[in-house]
Amino acid sequence: MKPIITASEYASESAGPRPPVLLDVRWQLGGPHGRPDYEAGHLPGAVFVDLDTELAGPAGSGGRHPLPDPEAFGAVMRRAGVGQDTPVVVYDGGQGWAAARAWWLLRWTGHADVRVLDGGLAAWTGDLSTGIPDPAEGDFRPKPGALPTLDADAAAALARTGLLLDARAAERYRGDVEPIDRVGGHIPGAVSAPTTANVAEDGRYLPAERLTERFTALGAGKSDEAVGVYCGSGVSGAHEVLALEIAGIRAALYPGSWSAWSADPARPVATGSEPA
């Protein structure tokens with residue numbers, strides 16, 4: 001199953017006999033809370049889910065957006081109407097990071113039928129609603145581990161033996177700037193692969209063949225080589241994992257990412273344009 005769905009495909013499915021559960025996860029890094037925008041207008045039937053408090057655990061040594069407690073995450077999904085076998089569609093304001101985070105968490109916890117609305121809210125041309133839905137309780141029970149993850153030691157090892165992609169902006173990878181974390185730079189051996197190159201100007205993912213070309217040029221796709229991804233705090237990295245999935249390449253996510261790595265003074269830091 002493709003991990004993305006177009007607005008027209010979603011409109012057709014939502015009018016069919018098995019409409020997907022729809023989640024609105026609008027979020028901006030350092031920006032205003034997404035709930036007011038949701039209340040001002042959302043796709044009909046969408047349930048709002050907050051990334052900072054419901055798609056992540058409390059910030060700490062595990063990073064700014066560590067993985068949520070699986071049981072707490074399951075309760076949020078059940079409240080939103082997610083069942084074991086119900087299809088789920090997720091969208092955000094258009095950047096795609098938050099929607100990909102929700103997609104990744106649902107897939108990681110064992111849900112088999114979840115897709116991201118390609119292009120987010122901006123791709124939707126139908127009416128918006130201000131009504132707050134009250135869906136029937138779902139029966140989804142998380143079973144973590146369905147997608148691969150990395151901890152700091154595994155990420156360091158993969159940068160030496162396989163391919164570790166850094167999904168942040170190139171200037172943060174190089175260490176030219178670091179607006180959020182303790183120190184700038186990247187995990188030694190990691191390869192710069194900003195998420196901005198995964199999408200077209202309208203925010204939609206590039207076609208599979210173009211994504212395959214991109215990641216192959218970066219060194220992915222070799223049958224005997226593992227691929228991993230990290231970012232600032234495990235959010236935009238999920239966007240990269242999804243793009244790799246479209247390209248037919250399975251990748252592991254380092255959820256703690258740079259926010260966890262850089263918080264540990266014992267971890268080495270590389271700077272500059274090339275992998276160390």
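The protein chain has 10 helices and nine strands, where helices (H or I, at least four residues) and strands (E, at least two) are DSSP runs numbered from the N terminus. This is a predicted model, in which local features need pLDDT of at least 70 and side-chain atom pairs count only at pLDDT 80 or more, while totals for chains, interfaces and linings use all residues. Residues are numbered from 1 along each chain as its sequence is written, and side-chain values use heavy atoms, with hydrogens and water left out.

Taken along the principal axes, the C-alpha atoms of the protein chain fill a box of roughly 50 × 40 × 30 Å. For 276 residues, a compact globule would have a radius of gyration near 19 Å, and the 18 Å of the protein chain agrees with this; the radius is taken over C-alpha atoms, and the globule rule is 2.2 Å times the number of residues to the power 0.38. Of the 276 residues, 54% are buried, where buried means under 20% relative accessible area, exposed over 50%, and partly exposed in between (1.4 Å probe, protein chains only). Among the contacts with a separation of 6 or more, 77% are between residues 24 or more positions apart, a contact being heavy atoms within 4.5 Å.

Turning to the strands, five of them form an open sheet in the order β1-β5-β4-β2-β3, with parallel pairing; two strands pair if DSSP finds at least two bridges between them. Because β1 (4–5) and β3 stand at the edges with a single partner strand each, one side of each is left without a neighbour in the sheet. V116 in turn stands opposite V90, within the parallel pairing of β4 and β5 over three bridges.

Strand β4 (residues 88–91) also pairs with β2 in the parallel sense, over four bridges, and here V90 stands opposite L23, while Y91 is the bridge partner of D24. D24 also stands opposite F48 in β3, the strand of residues 47–48 that runs parallel to β2 and is joined to β2 by two bridges.

In a regular strand the side chains alternate between the two faces of the sheet. In β2 (residues 21–24), V21 and L23 lie on one side and L22 and D24 on the other, and all are buried, leaving both faces covered. In β4, V88 and V90 point one way and V89 and Y91 the other way, and all of these are buried as well.

Helix α6 (residues 152–161) has the buried residues A152, A155, A156, L158 and A159. Seen down the axis of α6, these fall within an arc of 165 degrees, so they line one face of the helix; the arc is that of the directions from the helix axis to the C-beta atoms. The buried residues of α6 pack against β6 (163–166), β8 (227–230) and α10 (257–261), whereas the face turned away from the buried side carries the exposed residues D153, R160 and T161. At the N-terminal end, α6 is capped by D151, with a side-chain oxygen 3.3 Å from the backbone nitrogen of D153.

Technical notes:
Polar contact = N/O pair within 3.5 Å; in protein donor to acceptor, adjacent residues only side chain to side chain.
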